[in-house]
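Please look at the sequence and the structure before reading on.

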Amino acid sequence: MALSDEPAAGGPEEEAEDETLAFGAALEAFGESAETRALLGRLREVHGGGAEREVALERFRVIMDKYQEQPHLLDPHLEWMMNLLLDIVQDQTSPASLVHLAFKFLYIITKVRGYKTFLRLFPHEVADVEPVLDLVTIQNPKDHEAWETRYMLLLWLSVTCLIPFDFSRLDGNLLTQPGQARMSIMDRILQIAESYLIVSDKARDAAAVLVSRFITRPDVKQSKMAEFLDWSLCNLARSSFQTMQGVITMDGTLQALAQIFKHGKREDCLPYAATVLRCLDGCRLPESNQTLLRKLGVKLVQRLGLTFLKPKVAAWRYQRGCRSLAANLQLLTQGQSEQKPLILTEDDDEDDDVPEGVERVIEQLLVGLKDKDTVVRWSAAKGIGRMAGRLPRALADDVVGSVLDCFSFQETDKAWHGGCLALAELGRRGLLLPSRLVDVVAVILKALTYDEKRGACSVGTNVRDAACYVCWAFARAYEPQELKPFVTAISSALVIAAVFDRDINCRRAASAAFQENVGRQGTFPHGIDILTTADYFAVGNRSNCFLVIRGLGGQLMRQAVCVLIEKLSLSKMPFRGDTVIDGWQWLINDTLRHLHLISSHSRQQMKDAAVSALAALCSEYYMKEPGEADPAIQEELITQYLAELRNPEEMTRCGFSLALGALPGFLLKGRLQQVLTGLRAVTHTSPEDVSFAESRRDGLKAIARICQTVGVKAGAPDEAVCGENVSQIYCALLGCMDDYTTDSRGDVGTWVRKAAMTSLMDLTLLLARSQPELIEAHTCERIMCCVAQQASEKIDRFRAHAASVFLTLLHFDSPPIPHVPHRGELEKLFPRSDVASVNWSAPSQAFPRITQLLGLPTYRYHVLLGLVVSLGGLTESTIRHSTQSLFEYMKGIQSDPQALGSFSGTLLQIFEDNLLNERVSVPLLKTLDHVLTHGCFDIFTTEEDHPFAVKLLALCKKEIKNSKDIQKLLSGIAVFCEMVQFPGDVRRQALLQLCLLLCHRFPLIRKTTASQVYETLLTYSDVVGADVLDEVVTVLSDTAWDAELAVVREQRNRLCDLLGVPRPQLVPQPGAC
């Protein structure tokens, strides 16, 4: 459960997963015995190759794979299966293909059951040593089809190394001929082992097993251990994890060393441990990006540490005593529990010196707990547990303290996960004394809810899963009285995780940990009842967790109580001055303060219910005199709510912004400026809260609602909207019209812009009805232009809302909005009779109408800016209709040089204003490509170096300079290709830019540039002279532009000469020698 490193997928698949798990443990015996016997008996008939051989292999794999979860069911049948296959291997008449096939079958069995169990069945008499050794010797290490044969033979050879006779007795007379000596058995085995430790296939793993069995033999270690260790350390020193061969060599060598120091006797390995540790430090394995090397490094380090320390069982460790589940339950049914006092004895070797290498080992294991890969952290955690079991009590406690340092919020989720694994290992080994439980339980409770946002997702699933594993381990490790002070906290946290965690693995891990505690501890309240409802399989289904197991939770109750408060207040219940009002106010404030804990799908309903309850409560119970608030309540409420607007939780800001907006007018009297200032700060975008789009939206809504509440009144800036504060309000609302914040949810700035448009409309209509003179001309112009821009952008429903606001302001006549630019032309373009019939969310209806605003100078810039974004969008219908509408407009002004000049100037101004602004510049380059391709500016191509072309070229060069954005570069290539139609220096500069792109660092850019230049030269035949055109297109088409830059650059320079542009020169990097 604690090894989960990747979040599990939730959803409909979970029900099927339950069925699979249930079926996976349903097998009771090896049911395919007869079929397997027949299959193995037919190997001599099918070994020759072809379909029959593959069918037999595949069928055997399918049979064996069924027992991956229950491999012990194969144990009664392993011996006869091995005998059938070894009969083939040991038969001298068996062809090589049949022998290889037999070993493939043996490997499949080994893969399922594990080599440690299967190895014991191999023949391992003295008479088997030389035949097996001869079989290994004749194998070809480079034959990739027979690696299973080499793997199994090396494992078989490792078993024969366990014979209790000196190998020298098998050598006989080594002198076969005078002057010619033959290698001893010992040397042959060592040579084979060393040669297979550096191969790239799985035989390397078997060679490591062979070495560990061979080198640790009493007769071999005296003469060969030092030599082999020297060979191994030289291999490590010469190898680098930066190369593939180096990784392979280091892998095999580290496996062999770890196995030797695991199986060898301490007195044999101790003289070499310090040297091996120094060599391992020099390898700098923690810097490698190879997970397996880092894991093997940690494994070897812990084995070296255990070699330094004497093997012993720590006398000071915690011993639970009775760990029988049946005994625990029997005691519980009798109403008693086993009460044994903890006896901590002093360590007999407390005064023994700890070798100096131990500190380095523990330091490296602590670093391994923070590794980026789970397998490395798991190995380090086991090493910490093993080492601590041999340390004196004081030093072991220091190790526990170092592990607890992993649980800092400055550490990553990897450190938290590794720390949890280490604590579980220490706990189950009895090395985590009860005196440490106060500190440990505190961090485990934090780990059970650990969740950290990373970009578009969050991490922490593995931490929560490992924390459940710690709770599971503690249930087995401690007496009930030791954990009794922490039962409430642990049980609550596990139930919450089992029901509410979004990850299925965490929910199941929490349920398993809870079940273990109920059974082993017997102190969890309502344990059996909870387990009956929220067992391992029940929590696997998310819908079941959230809708069935949870029942009527706090969210529903809070919402219901808020509705009750609202209705009681509206009913004018006689509670004025009663303490119950304080309770109601506390509930509303607490709900608004903790909105971030409410599930997202019900958060809006909860927010609306609390705000409605607050408005009704204040109106009924906080008015001291008609139109006058209780000063003390007003001061406390306003001050508290304004302070909450600076809360670091976005949802808290949302709640209290809307709460301020819902306050009745008498509570705002005398404090209006202060409240508006606080809300304006919420709507302002700063680097710290740039992602708080929802709080900015709700702040805008609150400002608009307050304006409606207080109304308009001249000369009273602290009581109503007036000339002294209206410009500040407009400034805040208009400032949010440029909010284009994006995050993992998409363009969340649309929420802000929509709220800003609605608020601008409400405020403007309010002023028009009462004091239209407060609406200044420049303010009205900016409102209409900003709304027109939004009405021409790419999101359908948002465009429809903007058009509705625009037409409402245009056609309002009670009285009309003053200073609307081009009112007469607008009323002709958008007659009142068409308002209801036009579907502005349909691109086919919206864009033909909105592009007509391009003919009005005041609106041209903003409408064109919106159209540019739509043309560069992703929705096919939006792109098609916006492009067609723009082309229709430009077609109509082709005969009007002044209009075309104004349009082109506006387009360049938009480019200049939004240079390096990816949201606008990339769509703008696509727009330019479209209009240039369709000849919209053909009239400018008759003039050499037209100012439009000159400025456009300069802006394009600035935009793509040093860019790594593929889409921007591709759009830039298209624009440069179209600009070769402009004669003069513009053409030469465009060709030069394209030549530079032919040697871009990205092969895709080079290939695309060559392809588009090829098409351009064929389209605009006058760009290149007829005498060189054929050669130019040949170079463009025949060159492999994704080849090495040195090759590409030579061809590019040839093109420069043919096109008549200067060859680009490499600029030396600053500081380069």
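## Helix 35 and its partner

A crossing of two helices is called left-handed if the near helix is turned anticlockwise from the far one by less than a right angle, and right-handed if it is turned clockwise. In this predicted model, helix 35 passes helix 36 in a left-handed crossing. Leu700, Ile703 and Cys707 of helix 35 make the contact with Ile729, Ala732 and Leu733 of helix 36. By class, the residues of this contact are six nonpolar, no polar and no charged. The axes of helix 35 and helix 36 (residues 726-735) come within 11 Å and cross at roughly 150 degrees. Angles over 145 degrees count as roughly antiparallel, and helix 35 and helix 36 are therefore roughly antiparallel to each other.

Helix 35 itself covers residues 693-710. Helix 35 is mostly covered, with 14 of its 18 residues buried. After helix 35 comes Gly711, which has a positive phi near 75 degrees.

## Helix 42 and helix 44

Two packed helices are described by the angle between their axes and the distance between the axes. For helix 42 (residues 857-871) and helix 44 (residues 897-913), the axes come within 10 Å and cross at roughly 65 degrees. Angles of 65 to 115 degrees count as roughly perpendicular, and these two helices are therefore roughly perpendicular to each other. Helix 42 passes helix 44 in a right-handed crossing.

Which residues of helix 42 meet helix 44? They are Arg860, Tyr861, Leu864, Leu865 and Val868.

## Backbone features in loops

The peptide bond from Ser814 to Pro815 is cis, and its omega is near -10 degrees.

Arg284 is not a glycine, yet its phi is positive, at about 50 degrees. Arg284 belongs to the loop between helix 14 (266-283) and helix 15 (291-308). Asn962, also not a glycine, has a positive phi of about 60 degrees. The loop that holds Asn962 runs between helix 46 (947-960) and helix 47 (966-978). Is Asn962 buried or exposed? Its relative accessibility is 68%, so Asn962 counts as exposed.

## Two buried residues

Arg436 is located in the loop between helix 20 (413-428) and helix 21 (437-447). A residue is buried when its relative accessible area is under 20%; Arg436, at 18% relative accessibility, therefore counts as buried. Apart from its neighbours within four places in sequence, Arg436 is in contact with Asp397, Val400, Gly401 and Leu404.

Leu807 is part of helix 39. With a relative accessible area of 7%, Leu807 is buried. Which residues does Leu807 contact, leaving aside its neighbours within four places in sequence? They are Phe830, Val835 and Trp840. Leu807 can also be compared in position with Met784: the two are 23 residues apart in sequence and 9.8 Å apart in space, C-alpha to C-alpha.

Terms used: Residues are numbered from 1 along each chain as its sequence is written. This is a predicted model: local features need pLDDT of at least 70, side-chain atom pairs count only at pLDDT 80 or more; totals for chains, interfaces and linings use all residues. Side-chain values use heavy atoms; hydrogens and water are left out. Axes are lines fitted to C-alpha atoms, for helices over the stretch in contact, and angles run from 0 to 180 degrees between N-to-C directions. Helices (H or I, at least four residues) and strands (E, at least two) are DSSP runs, numbered from the N terminus. Angles under 35 degrees count as roughly parallel, over 145 as roughly antiparallel, 65 to 115 as roughly perpendicular and the rest as oblique. Contact means heavy atoms within 4.5 Å. The expected span of a helix is 1.5 Å times one less than its number of residues. Buried means under 20% relative accessible area, exposed over 50%, partly exposed in between (1.4 Å probe, protein chains only). Ala, Val, Leu, Ile, Met, Phe, Trp, Tyr, Cys and Pro count as nonpolar, Asp, Glu, Lys and Arg as charged, and the others, Gly among them, as polar.
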